Structure formats: structure tokens, C-alpha cells
Amino acid sequence: MQQRRANRMNSVALVGRAVDAFFADLRDAGERGQPVAFCDGFPLPFPLLRAMDVPYFFGDAYSALVAARHKEKKLQQVAEDRGFSVEVCSYTRNAMGCAMLPEEDKAQAHPLWLIPAPACVIVTDPGCSMLVNWGDAERRHYNVPMFVIQLPHLWGGEPDEDAMPEALRQLRECVTFIEDTFHRPFNWERLKEIMANTKVSTTLRKEAMELGKNIPSPTTFFDMASALGGVNYLLGKPQCIEVYQAIKDEAAERVQKKEGAVVGERYRLYWDGIMCWPKLGHLAEKFANMGACVVAGRYTHLGFYNVPEAIDPQKPLESLAANAVALHLNHNIDWLVENISRVCQEYRIDGIVCHAHRTCRPFAAPQLEIMDGVSRKLGIPAAFFEADMADETFYSDAQVDTRIQALLENIEARRKRR
């Protein structure tokens with residue numbers, strides 16, 4: 001049988017180059033003595049910091065990056081040596097391992113491990129039991145002030161609008177915190193420009209993902225997960241628009257040519273969970289070689305400024321609040337089943353893959369109920385495998401092969417019964 005292979009998008013490489021430049025600039029800022037901010041959680045404060053020309057370090061994206069580039073093991077060992085259990089969030093262990101890297105190791109350290117100390121820590125918590133503790137560990141380690149934005153939860157199925165006043169209140173207080181920390185008045189006009197750019201770039205990102213509704217899909221979940229670097233590192237900059245325009249253009253060209261991201265696409269799958277970053281390329285090839293295109297996922301399609309239509313540059317804080325409140329982690333099981341079912345229908349999904357993270361409980365906790373709810377609602381099969389977003393030691397290739405092959409056989413059996 002002819003082996004199928006992933007047809008990965010060339011334009012996504014632009015993100016990798018932008019990320020390298022971002023960290024080079026961050027290191028330069030540290031060497032110049034320019035104050036920087038540490039951020040953890042949802043990428044909410046970035047436009048606020050960019051409006052004040054404050055460089056930032058985003059712990060979540062950083063931890064994913066070092067894992068994807070296989071530079072995480074030393075950091076995890078440092079964190080474990082300092083008392084962080086292997087059961088602690090692997091994103092936290094990567095970031096804290098970087099913070100606690102012994103001075104004697106820094107001379108030979110990889111450039112990604114050389115991060116300047118912060119002037120403050122800002123946490124945006126959408127319901128993670130670890131985030132505030134993670135931020136507090138950074139606060140105590142560096143002896144700097146911390147601000148926490150606790151996004152309201154809509155566990156009773158309330159409309160997003162109900163959470164807006166509280167989210168706005170905290171954003172206004174965060175602006176005051178930034179002014180006090182960096183000793184200058186906030187630049188509101190600059191923020192409006194940044195939000196105008198953010199609206200364009202996040203709209204392009206969403207349109208690029210929606211081209212995946214075509215058969216064959218021009219993009220995969222793996223492509224769009226990699227492309228999240230645009231949101232995490234370039235949000236509000238003209239370069240972010242250029243990157244997502246290039247990704248959308250390449251996807252549109254593939255649609256016109258009927259060229260798929262998986263050569264010989266036979267199955268269309270939905271991914272529930274964060275990407276398993278140390279296995280990004282490996283999993284992309286594995287699924288492609290089975291004829292399976294992982295088309296969409298909760299991580300990419302229901303988060304990360306995914307309601308650009310709610311952005312009004314003249315109302316920047318309201319725009320930020322609306323995108324934060326819309327995040328899937330703020331909502332209950334019924335909302336998740338309803339919206340994941342909608343995504344599966346729109347993208348004509350044949351089956352669901354759940355990546356059950358060993359160290360990310362908020363994301364993994366509802367997955368069995370999601371699998372059951374969506375499967376019953378749409379009549380499509382689901383499977384799960386256990387691994388982790390940034391700790392490769394929890395990954396088993398044999399388990400993934402067994403579970404995914406069983407899922408595809410189930411899909412085939414259902415097709416024959418139609």
C-alpha cells in the first residue's frame with residue numbers, strides 16, 4: 001500500500017522565524033536593562049503591554065516551544081530537583097526550570113534558556129488550579145509584584161454578556177497595575193491601533209482555519225497549532241497580519257488546486273486537547289500515514305481570540321474582555337458538547353481524538369463526558385490516548401497506534417452499515 005504523508009504548510013515556517021526574533025529581542029531587552037513582564041495563562045495582557053512598549057515572556061507558549069524543539073528535559077530536571085513533582089503541570093515545570101537554572105549552567109545554556117528577570121508577573125486564569133500558584137512561584141522567586149485576572153466562569157450556562165462587567169473591571173485594574181509598575185501613563189491611542197491590527201490578524205487566522213471545511217482540507221490541526229505563535233508573539237503587530245495572510249493565501253491556493261494537507265485524505269478527525277508538543281511532527285506524519293486528517297480542535301478553534309468579530313478598536317478593553325470570556329475553559333459541559341458538536345458538523349468530522357493530558361487537569365477533566373456527549377449527539381466514534389502537552393515521558397507510541405487504529409476501524413465499520 002502506498003504510504004501517505006503529511007503535506008505541511010510552507011507558510012507556517014514564518015511563525016518559527018518570528019518566534020526566534022521575538023526571543024532574541026527579549027534577551028536584548030534584558031541586556032539593556034529594559035523592564036519586562038512575565039505572563040501566564042490566557043494571552044490577554046499582551047496588547048496592554050505592547051501599548052506600553054513592555055517586552056513580555058509568555059510562560060505557556062514558551063513551555064510549548066521548548067518542548068516542540070526538544071529543549072525541555074534539562075528545565076524539567078532543574079524544576080524537579082528544586083521540589084516540583086512530575087505530576088505538576090509540565091508548562092509550569094518548564095518555565096520554573098528556566099527561572100531556577102543554576103548560574104553555573106548559564107554559560108553553556110541554550111539561547112532559549114536565557115530569559116531576563118521580570119519587573120512583574122501578570123496571570124490570566126480561566127479556571128486552572130495551577131496558574132495562580134505558578135505565578136506566585138515566579139513572584140516569590142524574583143521578588144516582584146503580581147496581578148491576577150480571574151476570568152468569570154459561566155458554569156450555569158449564562159450568556160457571555162453576564163461575565164463582561166467583571167472581566168472589564170479586572171482589565172481596568174490591570175491597566176492601573178501596569179501604569180504603577182512601569183511608572184508612566186497608559187497609552188490608550190496606541191492600544192486602539194494595536195486592537196485594529198489584532199482584529200485583522202485574528203480574522204485572517206479564523207478564515208484560514210475555516211478553509212479546513214473543504215474536502216480535502218488544506219490545513220491540519222497540527223499546522224494551526226504551530227501557527228498559534230502568531231497570536232502568542234506577534235499579536236497587534238503588522239507582522240502578525242502578514243503571517244496569517246500568508247497562511248490563509250496558501251490554504252486558499254490549496255483549495256483551488258484541490259490539494260490536501262494529507263495526501264489521500266480518507267478520515268477527518270477532531271482533536272480535543274492541547275497539542276502534544278514534543279511529538280508535533282511525529283504525530284502529523286503518523287495520522288497522515290493512516291490517511292487521517294486531523295482537521296480541527298478545541299485548542300485552536302475555540303480559543304485564542306477566536307471571536308475577532310467582537311473586536312472594536314475604539315473599545316479596546318471591551319474587545320479584550322469579549323475574547324477572553326468566549327474561551328472554552330470558562331464554560332460548562334453542556335456548552336462544550338454543543339459547541340464541539342457544531343465544529344464537528346461544520347468540518348464534517350468522522351471521529352474524535354481526545355489527548356488526555358497527564359498534567360493539565362482543567363483541560364482533561366471533562367473529556368470523557370465530551371466524548372460521550374458528542375458521540376451520542378452526532379453518532380460518531382471517539383477514542384482517547386494518555387500523554388502530556390510538554391512532558392514526553394508520558395507518551396506511548398504503542399498506545400497511540402492501538403487507539404487510533406481502533407478508531408479508524410470503527411469509522412470504517414459504521415460506513416459499511418450505512
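Rings of Phe, Tyr and Trp (its six-membered ring) pair if their centres lie within 6.5 Å. The legends below describe close-up views of a predicted model.

**Figure 1. Aromatic pairs around helix H1 and strand E2.** By this rule the count comes to 21 aromatic pairs. One of them joins phenylalanine 22 and tyrosine 56, whose ring centres are 5.4 Å apart with 55° between the planes, a tilted arrangement. Phenylalanine 22 belongs to helix H1 (residues 13-32) and tyrosine 56 to strand E2 (residues 56-58), so this pair ties together parts that are 34 residues apart in sequence. Phenylalanine 22 and tyrosine 56 are buried. The pair of phenylalanine 57 and tyrosine 62 is tilted because the planes stand at 55°, with the ring centres 4.8 Å apart. Phenylalanine 57 and tyrosine 62 are both buried.

**Figure 2. The open sheet E2-E1-E3-E4.** Four strands with parallel pairing make up this open sheet, in the order E2-E1-E3-E4. Strands E2 and E4 are at the edges and have a single partner strand each, so one side of each is left without a neighbour in the sheet. From one strand to the next, the twist averages 20°.

**Figure 3. Strand E1 and its two partners.** Strand E1 (residues 37-41) is mostly covered, with five of its five residues buried. E1 runs parallel to E2 and is joined to E2 by three bridges. In this pairing, phenylalanine 38 stands opposite phenylalanine 57 of E2. Between E1 and E2 the chain passes through helix H2 (residues 46-51), and this β-α-β crossover is right-handed. E1 also runs parallel to E3, and five bridges join E1 to E3. Here phenylalanine 38 stands opposite valine 121 in E3.

Figure 4. Strand E3 (residues 120-125) and E4 pair in the parallel sense, over five bridges. Valine 121 has methionine 146 as its bridge partner in E4, and valine 123 stands opposite valine 148 in E4. Strand E4 (residues 146-150) has a covered face formed by Phe147 and Ile149. On the uncovered face of E4 are Met146, Val148 and Gln150. The chain goes from E3 to E4 by way of helix H7 (residues 131-142), in a right-handed β-α-β crossover.

**Figure 5. The open sheet E6-E5-E7-E8.** This open sheet has four strands in the order E6-E5-E7-E8, with parallel pairing. Strand E6 (292-297) and strand E8 (382-387) stand at the edges; each has a single partner strand, so one side of each lacks a neighbour in the sheet. Neighbouring strands of this sheet are turned against each other by 30° on average, direction ignored. Strand E5 (residues 267-272) and strand E7 (residues 351-357) run parallel and are joined by four bridges. Across this pairing, tryptophan 271 stands opposite valine 353 in E7.

**Figure 6. A charged end over an aromatic ring.** The charged end of arginine 403 sits over the ring of phenylalanine 384, at 5.0 Å from the ring centre.

Figure 7. A disulfide is a covalent bond between the sulfur atoms of two cysteines. The cut-off used here is a pair of cysteine sulfur atoms within 2.5 Å. By this rule the count comes to zero disulfides. For cysteine 128, the nearest cysteine sulfur is that of cysteine 360, 6.0 Å away, and cysteine 128 is in no disulfide. Cysteine 360 is likewise in no disulfide, its nearest cysteine sulfur being that of cysteine 128. Cysteine 360 counts as buried because its relative accessibility is 13%, against a limit of under 20%.

**Figure 8. Histidine 282 and aspartate 397.** Histidine 282 lies in helix H13 (residues 280-289). With a relative accessible area of 35%, histidine 282 is partly exposed. Histidine 282 and aspartate 397 are 115 residues apart in sequence, and their C-alpha to C-alpha distance is 9.8 Å.

Notes
Residues numbered from 1 in each chain as written. Predicted model: local features only at pLDDT ≥ 70, side-chain atom pairs only at ≥ 80, totals over all residues. Heavy atoms only, no water. Buried < 20%, exposed > 50% of the residue type's maximum accessible area, 1.4 Å probe, protein only. Helix = DSSP H or I, 4+ residues; strand = E, 2+ residues; numbered from the N terminus. Pairing = 2+ DSSP bridges. Right-handed = clockwise from strand over helix to strand, strands pointing away. Phe/Tyr/Trp six-rings, centres within 6.5 Å; stacked < 30°, edge-to-face > 60°. Lys NZ or Arg CZ within 6 Å of the ring centre and 35° of its normal. Axes fitted to C-alpha atoms, helices over the stretch in contact; angles between N-to-C directions.
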